[in-house]
Amino acid sequence: MWLSPSDWQAIVLTCKLASVVTIILLIIGTPIAWWLAKTTSIFKAPVSAVVALPLVLPPTVLGFYLLVAMGPTGVLGGITQALNLGTLAFTFWGLVFASVLYSLPFAVQPIQNAIEAVGDKPVEAALSLGASPFDAFFSVVLPLAKPGFITAAVLCFAHTVGEFGVILMIGGNIPGETRVVSVQIYEHVESLDYTHAHALSAVMIGFSFCVLLLLYLLKPKPLGFASSSIFSGKRRLK
Amino acid sequence: MNSQPQERINAEFCLSYQPGKAKAFSLDVALNIPAQGVTAIFGASGCGKTSLLRCMTGLEKTNSGKFSIGKLVWQDESHFSPVHTRQQGVVFQEASLFDHLTVRGNLQYALKRVSSKNRRGVLTEQATFIDYQHVLDLLGIARLLDQYPASLSGGEKQRVAIARALLTQPRILFMDEPLAALDYKRKQEILPYLEKLSRVFHIPIIYITHSLEEVARLADYLVLMDEGRVVASGELQDILSRVDLPLSFENDLGVVLKAKVVEKDSKWHLMLTEFEGDELWLKDNHLDIGEPLRVRVLAKDVSLSLAPQDSSILNSLPAEVIEVVNDVDDAMSLVRLKIGESILISRVTRRSVDHLALTPTFKVWAQIKSVAILP
């Protein structure tokens, strides 16, 4: 087999990280997306900008600040130490935290677009039929906005798998804890082990292709250029 | 109609939108209308009728507003019932069916939430319980149950939406221009169902429209709105027979008479109908003797003469002039006529008024050139 046991370990770790991050992002991304889709507040634009920040920031910038914040003297470090959790830097959960921030726009924007496309009318119809706002969200908005949620989940997963800069900054290179596939490839190249670097890179290419294929197949209409059109504002999902 | 004859619907709303844009809009309405039959809220687009409906249904939350049906208070100074707790049915302009559910799923959506309300004891006792099968039959949607909304025609969608609203067992049914998005043929297809609604279920219907035809066919009570205010409100026949309302009826100005068929003439394919005051010969519309119908007589179709003339005009009725006023058109006058207990309006030239020396209490013959039968 081309993949070494440590390669497999990296793959398993990557999948675990991406799954946890995706689940957390769907849970916290949905209320943010809902608020952004419905609000008329003056804070809409600033909040949108903050959410989208990871799209333009070099990962090293985000990683650097997170490293400082997570350290023993940082804000986050202070909180986690007060909770007896130690510091998050160079741990799996540190990676989860960083990845959630880094992939937030990939969750929020597709869900926000989908909720905007559903509009107020089905919600008002549901309310008029006796559904509470909570009920209306789960029985009407969620099913109608489903394509947006699937897009968000796929993108979050794929984007987390593809992370490198942030992880290197705050996670380092600890096997089984923070050494994900992208770091493993870097490691192979550093040690001039091109055979394993090739094998793992091929796996990543295959994976990325499958993810994009899935996204295109899920869309009734073509996505245009996938990553850019997702963030181009009002993309109608139906 | 006989369950709560005295109940009234009371609605007071005052709000103003100043979105900073070019069009500021204000709504200042105090309404007291009967809690039975069909009340049409009529006005041109942008007059605030949809805003009023959104306030009444609670979809638009206003700080100062009142809404009550009889003793049932949904909004006043101290209290606001959230939309989903109100026992009301709302039919929107676009059917707003849930695309991810079949017709059956859409109807079940309403039923399930009613039964959960019922368990919580929110529903009040009601004279007529609206039965699932009955609604399906009445609106003719039983064969559509397994289809998805995307495969329905506009008319079918709207019928399903009406059924869905009825199944919430509403104390009141709001309809926001339910026919506006449909073409003429679809409208004609739905109107008979709407007429049945008010007769079959004894719930008040608030019907928003900008179509005078729908008003004439459906309404019992009429509220006229203009620029966010109520211009007039009252019984349909009373409002339509007024000549002092500066409304844009123009060529559509005319009265509605409630009549019933009393005789049929099979030789000439005519039928004799009787209204409060007199009789009219109409084209046989295949109604049975004794059946009620509404007849719309436009002011421009009524001409006046001093003596009954031998002419092609079928209906020439003795009438008394009550009032003569100038029309917005400089050449025309509006003459209000009394025939028995009913009122007719005639739109004639001012020259004719002068020529015939028409003044109140004057006796004339009203010649009705044509009438529209609203079955």
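Q: What should I know about the model before we start?
A: The model is predicted, so local features need pLDDT of at least 70 and side-chain atom pairs count only at pLDDT 80 or more, while totals for chains, interfaces and linings use all residues. Residues are numbered from 1 along each chain as its sequence is written, and chains are lettered from A and ligands numbered from 1 in the order in which they are written.

Q: Which residues of α10 in chain A are buried?
A: Val181(A), Ser182(A), Val183(A), Gln184(A), Ile185(A) and His188(A), in a helix that spans residues 181-190. Buried means 20 or more other C-beta atoms within 10 Å of the residue's own; exposed means 12 or fewer, partly exposed lies in between, and C-beta atoms are placed from the backbone. Helices (H or I, at least four residues) and strands (E, at least two) are DSSP runs, numbered from the N terminus.

Q: What do they pack against?
A: The buried residues of α10(A) pack against α1 (5-38), α8 (146-161), α9 (165-171) and α11 (194-218) of chain A. Just after α10(A), Leu192(A) has a positive phi of about 60°.

Q: How do α1(A) and α5(A) pack?
A: At an angle of about 45°, with axes 6 Å apart. Axes are lines fitted to C-alpha atoms, for helices over the stretch in contact, and angles run from 0 to 180 degrees between N-to-C directions. The two helices are therefore oblique to each other. Under 35 degrees counts as roughly parallel, over 145 as roughly antiparallel, 65 to 115 as roughly perpendicular, and the rest as oblique.

Q: Which residue classes make that contact of α1(A) with α5(A)?
A: 19 nonpolar, five polar and one charged. Ala, Val, Leu, Ile, Met, Phe, Trp, Tyr, Cys and Pro count as nonpolar, Asp, Glu, Lys and Arg as charged, and the others, Gly among them, as polar.

Q: And α3(A) with α5(A), at what angle?
A: About 135°, with axes 11 Å apart. α3(A) and α5(A) are therefore oblique. On the α3(A) side, the contact residues are Pro59(A), Leu62(A), Gly63(A), Leu66(A) and Met70(A); α5(A) brings Gly94(A), Ala98(A), Leu101(A) and Tyr102(A). By class, that contact has seven nonpolar, two polar and no charged residues.

Q: New topic. How many residues of chain A are in contact with chain B?
A: 13 residues of chain A, with 19 of chain B. Contact means C-beta atoms, placed from the backbone, within 7 Å. On the chain A side, α6 (121-128) and α7 (133-144) each supply at least two residues. The largest share, six residues, comes from α6(A).

Q: Over to chain B. What is the order of the five-stranded open sheet?
A: β13-β12-β11-β14-β20, with antiparallel pairing. Strands pair if DSSP finds at least two bridges between them.

Q: Which strands stand at the edges?
A: β13 (278-283) and β20 (372-374) of chain B; each has a single partner strand, so one side of each is left without a neighbour in the sheet. Within the sheet, six bridges join β11(B) to β12(B), and Asp265(B) stands opposite Leu270(B).

Q: What about β9(B) and β10(B)?
A: They pair in the antiparallel sense over six bridges. Asp226(B) stands opposite Arg229(B). Their hairpin has two residues between the strands, and Glu227(B) takes a positive phi near 50°.

Q: Last one: where is Tyr193(B)?
A: In helix α5 (residues 184-200) of chain B. Tyr193(B) is partly exposed, with 18 other C-beta atoms within 10 Å.

Key: Two residues are in contact if their C-beta atoms, placed from the backbone, lie within 7 Å.
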